[in-house]
Amino acid sequence: MAGTPSPLRRIAPHLLGPPVPPLALLWAANGRRALSAGCCVAGPLALGLALGHPGPGSAAALGGFTAVYGHALPYRRRAGVSAGAGLAVVASIALGGLSGGHPVVLALTLGLIAAAATAGAAVWRVGPPGALPPVLVAGSASALGSGAEAVAQHVAAAAAAAVLSWLVVMLPWLWDPAGPERRALQAADAAVGRAESGAPGSPGALARAVRVAVTAAAGGSRRRSSLLPAADAVETRFFRALPPVDPAAAAAGTLPAGPPPRVPLWAETAARIGLGVALAGLVAAAVGLPSPYWAATSAVAVLLGTDARHTRARAFHRVTGTLAGTGIAALVLALRPPTAVTVALVAVLLVCVELLIASQYVLAVTCLTPVALLLVHLGAPAAPEATLIVARIEETVLGMAVALAVGLLLLPRAGSRRLPRAVTATADRAVAAVRADPGSAADRALHDELVALADVAGAARAELFPARDADAWLHRSRQVADLGWALLGARAREDGVLAEAVAARIRRDLLSPR
């Protein structure tokens with residue numbers, strides 16, 4: 001039948017992911033981070049190899065992964081986030097090295113690292129890439145040697161590279177102190193402009209872009225004139241374009257909200273990811289696979305999906321990318337290029353990882369797999385090359401299977417079960433804020449409830465199989481959040497006309513008998 005796509009065309013997006021965006025867009029969004037990561041990993045690696053210390057050189061390269069954190073943040077906040085990430089990366093390298101000679105201990109250690117990194121990223125709102133780099137560097141460090149003297153050298157080298165990464169990440173502040181908030185504002189302005197023109201797009205992505213811009217402007221550099229007026233103007237355009245709460249979303253608010261949660265959401269998420277990572281490593285050790293940390297890394301990558309569809313797809317994408325990346329690594333190891341060429345290849349591949357990770361996960365994993373393999377090979381050249389290749393494939397498949405099982409069986413609906421109560425509580429706070437004076441305790445309570453709702457909604461989207469009616473509640477949550485932020489934003493800039501318009505919307509759309 002004409003116009004019917006072939007089976008291959010239907011299957012390809014599930015195996016290969018979406019089309020690659022234009023290079024100019026990738027570079028504009030992630031170019032700085034990609035260059036920083038490539039330099040901070042390849043530079044220390046090249047220095048260690050040139051000095052005749054391959055183990056510390058590879059450990060220093062792992063410490064350079066500090067450079068992947070914090071690039072979207074204003075510099076005042078970036079300084080603290082990057083320093084904290086550096087400490088976490090160096091501590092992970094130490095723990096991975098010390099436990100490397102004991103597969104069971106290593107698996108448990110990686111689980112603890114994954115849980116701690118997940119919890120820390122949630123509590124301090126660090127943002128992506130979350131728990132993956134600490135688990136990756138800890139596992140890779142375990143393959144570089146577990147003796148006390150070797151671990152001490154590796155930790156020292158990693159710490160030096162982490163300091164270098166902090167300096168590189170902060171360096172643009174010297175000539176562009178308002179760069180992060182200006183770029184966030186440009187992205188939000190473009191997103192709002194597309195929405196005003198009627199172009200299709202995700203309302204949730206639009207709202208996130210606006211909130212990121214406003215938050216960045218509020219915490220931006222004090223060396224330049226404030227971007228808050230421009231951010232307020234973009235936010236006002238966004239608020240005025242908010243659609244009404246539709247009947248289907250309003251109906252969700254009449255469903256039972258459930259009992260209050262007993263523990264914080266981040267604790268359940270950290271427990272699920274930590275146990276999944278540990279279990280993947282333990283199963284790999286139990287069946288005699290040589291590198292349990294590969295399975296643990298695969299598990300954390302799958303469990304860190306961004307929404308239900310992407311979480312399921314991420315498992316397939318990781319397998320596809322890992323197989324392709326393993327083929328690249330096998331080819332490089334078979335050709336035995338000069339060390340300088342291998343180091344340059346590591347830098348290029350890592351730049352590609354950072355350019356692609358947000359938009360084309362398959363290609364990002366294809367590039368990341370040989371980076372990890374080549375770092376271990378350069379740091380421990382005595383390791384059999386065939387063992388590295390075969391272990392990568394076997395343990396990736398095992399880690400993916402364990403992660404999917406854990407995602408289905410262990411606290412599988414922690415976010416979606418909390419969502420009705422979170423949405424209802426936020427709507428109630430918004431109504432209470434409308435009835436109170438601007439700037440009162442009711443506004444602060446609404447702000448805290450909106451932040452909590454964002455966390456719960458994000459967790460619900462990441463579930464493999466969410467609870468019943470989760471889609472309706474997610475739709476309702478986005479509209480409640482938009483109105484709540486609109487009210488607080490209008491009051492913050494003392495725009496009485498807009499504040500009253502939003503208040504009328506809240507009374508009309510959120511105030512319903514229960």
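Analyst: A residue is buried under 20% relative accessible area, exposed over 50% and partly exposed in between (1.4 Å probe, protein chains only). This is a predicted model, in which local features need pLDDT of at least 70, side-chain atom pairs count only at pLDDT 80 or more, and totals for chains, interfaces and linings use all residues. Residues are numbered from 1 along each chain as its sequence is written, and side-chain values use heavy atoms, without hydrogens and water.

User: Is aspartate 509 buried or exposed?

Analyst: Aspartate 509 is buried, because its relative accessible area is 11%. Arginine 508 is exposed, at 53%. The side chains of arginine 508 and aspartate 509 meet in a salt bridge (2.9 Å, N to O). Such a bridge has a side-chain nitrogen of Lys or Arg within 4 Å of a carboxyl oxygen of Asp or Glu.

User: How many salt bridges does a search of the whole structure find?

Analyst: The search finds eleven. One of the salt bridges joins the side chains of arginine 33 and glutamate 354 (2.9 Å, N to O). Arginine 33 belongs to helix α2 (residues 23–50) and glutamate 354 to helix α15 (residues 339–356), so this pair ties together parts that are 321 residues apart in sequence. Helices (H or I, at least four residues) are DSSP runs, numbered from the N terminus. Arginine 33 is buried at 16%, and glutamate 354 is buried at 8%.

User: Which residues are linked in a network of salt bridges?

Analyst: The network links Arg32, Asp176, Arg182 and Arg183.

Technical notes:
Helices (H or I, at least four residues) and strands (E, at least two) are DSSP runs, numbered from the N terminus.
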